[in-house]
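Have the model open while you read.

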Amino acid sequence: MKRRNPFLLFTLIFTLVFSTTVLAATNPPELDAKAAISVDMDTNEIIYAKNIDNKMYPASITKLITALLLAENKTTTDTLKYTKNAKAQPPYSYNLNIHPVAIGDTMSADNVMDGLLLYSGNDIAYMIADNVGGNPINFAKMMNAKAKKLGMTGSHFITPNGLDDANDNHYTTPYDLTLAGRAAYKNDWVKKSMAKKTSVIKSTNGPAATVTNRNKLLGIAGNIGGKTGYTIKAGRCLISIYERNGRHIIGVVMDSTYNLPKDTIVFDDMTKLINYSYSAKKEITNKKETAIKTISVPYKVIPFIGPTKTINIPVASKEDVTFYKNNVKRQTTIKVDPIKPWKLNKKTSVGTLVVKQKDYVKTYKLYPMVSKTIIFKNNIIIYAAIVVILIVIIVLILLLISSIRRRKNRSGRRIRY
């Protein structure tokens, strides 16, 4: 029986494993979630997209908007009163699941923020609504005004905690949540709170309690913050912000399966989404130095005289035009300045290509792929004929001048005799 070469066998196994790893990293992931998105926070580029404009229920991710309004209207050392509306909230609430709080008792705003974002207390959200907005109705107006300011055009909020059993008018989109998440990351107080794994909080008249962040991915593989959520209508939801090698990516996973008691599926979805997003490569839609558009421009073969002809000027970018492969609509706008053919220069920009995808905007300078020398090449026969004619004219003029001089010389000699 023929013996197998162990080196070849090892090579085959290594190749298969490596190929599988590469494919897993470069192909878009299969997610349990019904909708998901990832965005490069440094450039606003959408990397992965699945139903990103669908109307969805945000559950407790809503609390990011509530947190932003708290941060914008209070300081960390302010105190907030525990209210009747807060006391009436169901689990998970600080009052029911951690320690009872009496109406009128107070908490520091810093503790309130941690109780909202780490523990995700439903009562804490209403405590903020009453102390910041005066009542939940006014606070909802503040939430919607904030959403509008952030550009969250597909969102409408009613409750400060995201509980949606009583209505269908508390909704958002996966894309809108990336806007809320980016705003949360830019707010130092909210960012700091999201990044805490645990926090010790208490009401003025209650005991101290340690609350743990419900974001199981926090601190793992670059996860620096986020917010979890769940209701029966919303399913399991998660928003996460990552930083790897100085690059920031935000991911949103919505309506994933809540597989109690393990509760792993939504976090597995996020891990797949983010790993893919960091490894994804852009596709080249327009290669550099390749014509994006050709402009037809009239010009006079002989400046100021004519005749008039038309020159075709291809324009191109000096860098590749790239996009991540996804199904989100892109817009491209080409603007070309008035071109003077006799001043064409390959090093001088003649216009721009603007590419847009949602909030992502990039402008590429466009340069002519030909210079004014093309005019001479296109009209070489005409210019050659002009040169010949000019030479003939010059020769005739020289001959005429020479003839006149000879006549004068002969005439001068006759006079002297």
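**Notes on the model**

1. Start inside, with Ile128. Setting aside neighbours within four places in sequence, Ile128 is in contact with Thr66, Leu70, Leu80, Val112, Leu116, Gly133 and Phe139. Keep in mind that this is a predicted model.

2. Ile128 also turns up in the largest nonpolar core, which has 64 residues. Along with Leu117 and Val190, Ile128 is among those with the most contacts inside that core. In soluble globular proteins, nonpolar side chains tend to be buried together.

3. Who sits around Ile265? Leu31 is 234 residues away along the chain, yet the C-alpha atoms of Leu31 and Ile265 are separated by 9.1 Å.

4. Zooming out, the protein has 12 helices and 16 strands. Its radius of gyration is 36 Å, whereas a compact globule of 417 residues would have one near 22 Å. The C-alpha trace spans about 140 × 85 × 35 Å along its principal axes.

5. A word on surface and charge. Of the 417 residues, 45% count as buried, and carbon and sulfur atoms own 58% of the accessible surface of about 22600 Å². There are 61 positive and 29 negative side chains, with the centres of the two sets 21 Å apart.

Definitions and conventions. Residues numbered from 1 in each chain as written. Predicted model: local features only at pLDDT ≥ 70, side-chain atom pairs only at ≥ 80, totals over all residues. Heavy atoms only, no water. Helix = DSSP H or I, 4+ residues; strand = E, 2+ residues; numbered from the N terminus. Rg over C-alpha atoms; globule rule 2.2 N^0.38 Å. Buried < 20%, exposed > 50% of the residue type's maximum accessible area, 1.4 Å probe, protein only. Areas by Shrake-Rupley, 256 points an atom, 1.4 Å probe, with all protein chains shown as cover. Lys, Arg positive; Asp, Glu negative; His and termini not counted. Charge placed at Lys NZ, Arg CZ, Asp CG, Glu CD. Core = buried A, V, L, I, M, F, W, Y, C linked by side-chain atoms within 4.5 Å. Contact = heavy atoms within 4.5 Å.
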